[in-house]
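Student: I should like to learn how to read the features of a protein model. May we look at one together?

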Amino acid sequence: MTKVNTRSNAQPIAAKKAAIKLENFLAKAESTYSTQKLENMYFSIAGSAFDGIENWENLSKKEQNSYRNGFINMANYFIKHLDEKYGNGDGELTRSEFVKYRQQTIYGDMSEMSIREKEIASKPFVNTYNNINIEGGNTINVKEMATFLATIDGDIDEDKDGEINGADYTRHGYGFVEKGTTKAKEFLQQMKMVYEELFGTYPQKTSK
């Protein structure tokens, strides 16, 4: 099983810029309603060398490692950035920090909402956190975030190209913001498959 170091607090400038660009890219995709514009939006994570690869088995071991490391690195950068911006800066991403990130991205200032309105508005964000948190720990770890990003890296034909496409992100969004629906179950099944490709045996989710 692949081991991932999640404890380093160092955040190089280039890594921070990449994480900010990813946050901005996802926000832009969520606010874009033109299918054509979404299809032309790309964010490269593992590089263009993977363009046209139809499935994981077609990659050599060296290519698999390169692909895996690209998503691990971006996941690490993204977690640290979100924690620094929306959390306490300890390098870990808790549920409350993740939900705050989603709240501010989608709604901005929620101060005028009642507690009940905030709970209802935030339900999809809690669902998203739980769907990403496939190991069931108290935080989203690097493996989970890498799996989430790599799951989005799959178009209608499930090609792997090392990039997140705006249309793919919004298409998958119908699954990861829901709980217990057919789309949510399909997304979790894809997450399971990708996790096993990247890291080996799928974990038994721990109870909270």
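Student: Is Phe 148 buried, partly exposed or exposed, and what is its relative accessibility?

Tutor: Buried means under 20% relative accessible area, exposed means over 50%, and partly exposed lies in between, with a 1.4 Å probe and protein chains only. At 6% relative accessibility, Phe 148 counts as buried. Please note that this is a predicted model: local features need pLDDT of at least 70, side-chain atom pairs count only at pLDDT 80 or more, and totals for chains, interfaces and linings use all residues. Residues are numbered from 1 along each chain as its sequence is written, and side-chain values use heavy atoms, with hydrogens and water left out.

Student: How many helices and strands does the protein chain have?

Tutor: Helices (H or I, at least four residues) and strands (E, at least two) are DSSP runs, numbered from the N terminus. The protein chain has eight helices and four strands, in the order α-α-β-α-β-α-α-β-α-β-α-α from the N terminus on. Of its 208 residues, 46% count as buried.

Student: Which residues are in contact with Phe 148, leaving aside its neighbours within four places in sequence?

Tutor: Contact means heavy atoms within 4.5 Å. With those neighbours set aside, Phe 148 touches Ile 132, Tyr 169, Phe 176, Phe 187 and Met 191.

Student: How many aromatic pairs does a search of the whole structure find?

Tutor: Rings of Phe, Tyr and Trp (its six-membered ring) pair if their centres lie within 6.5 Å; planes under 30 degrees apart count as stacked, over 60 as edge-to-face and the rest as tilted. The search finds 13 such pairs. One of them joins Phe 148 and Phe 187 edge-to-face, at 6.2 Å centre to centre and 70° between the planes. This pair links distant parts of the chain, for Phe 148 is in helix α6 and Phe 187 in helix α8 (residues 182-199), 39 residues apart. Phe 187 is buried, with a relative accessible area of 1%. Tyr 195 and Tyr 202 also form an edge-to-face pair, 5.8 Å centre to centre with 85° between the planes. Tyr 195 counts as buried at 1% relative accessibility, whereas Tyr 202 counts as partly exposed at 22%.

Student: Which residues have the most contacts inside the largest nonpolar core?

Tutor: In soluble globular proteins, nonpolar side chains tend to be buried together. A nonpolar core is a set of buried Ala, Val, Leu, Ile, Met, Phe, Trp, Tyr and Cys residues joined through side-chain atoms within 4.5 Å. The largest one here has 46 residues, and Met 145, Phe 148 and Leu 149 have the most contacts inside it. The elements giving two or more residues to this core are α1, α3, α4, α5, α6, α7 and α8. Its largest share, nine residues, comes from α3.

Student: Where does Thr 151 lie, and is it buried or exposed?

Tutor: Thr 151 lies in helix α6 (residues 142-152) and is buried, with a relative accessible area of 3%. Leaving aside neighbours within four places in sequence, Thr 151 is in contact with His 172, Phe 187, Gln 190, Met 191 and Val 194.

Student: What span should helix α4 have?

Tutor: The expected span of a helix is 1.5 Å times one less than its number of residues. Helix α4 (residues 95-106) has twelve residues and should therefore span 16 Å; its end C-alpha atoms are 16 Å apart, which agrees.
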